[in-house]
Amino acid sequence: FRISTKSNFILLVLLFSNVFLGEAFYSLKLHKINVTVNNIVQSNVSIHCMSKDDDLWVHVLSRGDSFGQCFIVNFWITTLFFCGFTSQYGNGLYDIVKAQRDIERCSREWCAWLLLNIP
């Protein structure tokens, strides 16, 4: 049984495709990040989250309430969602999903943020 040079070349190309391209396609798998924001402040907190493309509107969280959202990380790993927070104690704007930071940091694709006031 003899294999021709042409068959060897085709076999080599198939092996290359499975080893290298298969691994490359696996690494392109889209990641999902679930985020929960929990309010443990003594007062209501207004939260307004958005990205360049999406607006998640304003939500008012009472003490003990939470707000959650699932985000799909884009191909370039540049997904960014930020939230503005306002309460009687002050306000601020924070990145709650920053793909390059959170894709490895978030345990099992889940991140939790706590709203609290620090005296």
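Me: Asp102: buried or exposed?
Reply: Asp102 is buried, with a relative accessible area of 0%. Keep in mind that this is a predicted model.

Me: Why does that count as buried?
Reply: The cut-off is under 20% relative accessible area, so Asp102 at 0% qualifies.

Me: How many salt bridges does the structure hold?
Reply: There are 2. One joins Asp102 to Arg101, with the closest N and O atoms 2.7 Å apart. Another joins the side chains of Asp102 and Arg105, at 2.8 Å from N to O.

Me: Which residues are linked in a network, then?
Reply: Arg101, Asp102 and Arg105.

Me: And how accessible are Arg101 and Arg105?
Reply: Both arginines are partly exposed. Arg101 has a relative accessible area of 32%. For Arg105 the value is 46%.

Me: Where do Arg105 and Asp102 lie?
Reply: In helix α2, residues 99–105. They sit 3 residues apart, about one turn of the helix.

Me: Switching to the sheet. What is the strand order?
Reply: β3-β2-β5-β6, an open sheet of 4 strands with antiparallel pairing.

Me: Which strands stand at the edges?
Reply: β3 (55–61) and β6 (90–98). Each has a single partner strand, so one side of each lacks a neighbour in the sheet.

Me: What is the bridge partner of Val45 in β3?
Reply: Leu61.

Definitions and conventions:
Residues numbered from 1 in each chain as written. Predicted model: local features only at pLDDT ≥ 70, side-chain atom pairs only at ≥ 80, totals over all residues. Heavy atoms only, no water. Salt bridge = Lys/Arg side-chain N within 4 Å of Asp/Glu carboxyl O. Buried < 20%, exposed > 50% of the residue type's maximum accessible area, 1.4 Å probe, protein only. Helix = DSSP H or I, 4+ residues; strand = E, 2+ residues; numbered from the N terminus. Pairing = 2+ DSSP bridges.
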